[in-house]
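Hi,

Here's the structure I promised to pass on. Have a look at it first, and my notes follow below.

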Amino acid sequence: MTSSRRTFLKSGAMAVTVAALMPKHLFAAPAKIQRVGLQLYSVRDAMAKDPAGTLKMLSDMGYKYVEHANYIDRKFYGWDAKEFKKRLTDLDLQMPSGHTVMRPEHWDAAKNDFTDAWKATVEDAAYMGQKFVISPWMDERVRHDTDLLKRTMEQFNKSGELCQKYKMKFGYHNHDFEFTTMVGDMRLFDYIMQNTDPDKVAQQLDIGNMYGRENNPISLIEKYPGRFVSMHVKDEIKSATNTEGTGYESTILGRGVLNVSNVLKAAKKTGGTVYLIIEQESYQGIDPLECVKIDLQTMKKWGY
């Protein structure tokens with residue numbers, strides 16, 4: 001994740017990422033269907049300048065699924081849910097998931113209920129046909145306050161219950177800090193996995209964000225079989241600027257140090273992974289739209 005992406009999330013901009021509410025038995029079995037989509041943050045500048053034209057180009061490339069990273073004041077990229085859904089439908093695009101940061105303030109302790117803002121987030125996601133409402137960030141104050149962290153895990157599970165009413169699931173998306181932050185003698189990543197209900201909270205494993213902290217996504221997939229119904233598919237290279245803080249940055253699939261193809265095989269066999277979401281945040285001088293076109297072509301060569 002680039003520093004701009006971190007700033008984007010920290011500032012409270014809304015976003016969400018993806019998959020289908022699977023029957024329990026499928027979580028323990030190899031995934032039967034693989035759907036390849038794109039996290040729209042990969043083409044954020046183009047989406048900011050010309051969202052309609054950018055979505056058309058993605059559809060023409062062969063993308064069928066997208067994941068949003070822009071939900072602000074009940075609008076997706078400036079469109080309300082009704083208009084955005086129409087635009088996606090007209091392009092034969094579906095949005096099974098999206099990224100929206102859920103914060104402690106979205107829970108009203110006095111009312112013992114979620115705020116209207118979070119309820120609206122879930123309602124709009126359901127209208128869009130999403131299956132997952134994914135929070136892609138955790139405030140630093142939550143990470144280092146054990147009591148607040150415990151309440152946040154409860155909030156995650158309660159959000160899962162709310163999403164279930166709309167036949168969706170709540171989800172969490174990792175970065176790198178989950179592997180360096182300790183909760184007692186346990187990594188934050190493991191704490192999250194062990195304190196969220198798999199029936200209510202999905203995990204979206206970002207195999208690129210962790211690189212430089214935890215370099216073996218296959219071991220995580222084997223440790224928590226069936227828990228990663230969605231995955232952010234990335235490749236990584238050494239970063240000259242180290243803007244992501246890990247010493248690595250994302251690159252075109254197949255051109256980096258990650259053995260992405262083997263990870264995808266493990267995800268399909270053991271992870272319960274159904275949605276494979278391409279995300280590239282750094283481009284090494286290549287146009288981002290050209291990058292995601294090559295990324296999709298590479299996924300097809302790998303059989304996805």
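A quick definition to start: pLDDT is the predictor's confidence in each residue, on a scale from 0 to 100. The protein chain averages a pLDDT of 92, with 88% of its residues at 70 or more. Over residues 11-29, though, the pLDDT is below 50, and in the model this stretch has 82 contacts (heavy atoms within 4.5 Å) beyond near neighbours in sequence.

Some housekeeping: this is a predicted model, so to speak of local features I needed pLDDT of at least 70, and side-chain atom pairs count only at pLDDT 80 or more, while totals for chains, interfaces and linings use all residues. Residues are numbered from 1 along each chain as its sequence is written, and side-chain values use heavy atoms, with hydrogens and water left out.

Now the helices (DSSP runs of H or I, at least four residues, numbered from the N terminus). The axes of α4 (residues 51-61) and α12 (residues 288-301) come within 10 Å and cross at roughly 25°, which means that α4 is roughly parallel to α12 (angles under 35 degrees, on a scale from 0 to 180 between N-to-C directions of lines fitted to C-alpha atoms over the stretch in contact). On the α4 side the contact is made by T54, M57, L58 and M61, and on the α12 side by L289, V292, K293, L296 and K300.

Then there's F179, in the loop between strands β11 (169-173) and β12 (182-183); strands here are DSSP E runs of at least two residues. Leaving out residues up to four places away in sequence, F179 touches N174, R187, F189, M210, R213, E214 and L220. R213 sits 34 residues from F179 in sequence, yet their C-alpha atoms are 6.3 Å apart.

Cheers

Terms used:
Parallel < 35°, antiparallel > 145°, perpendicular 65-115°, else oblique.
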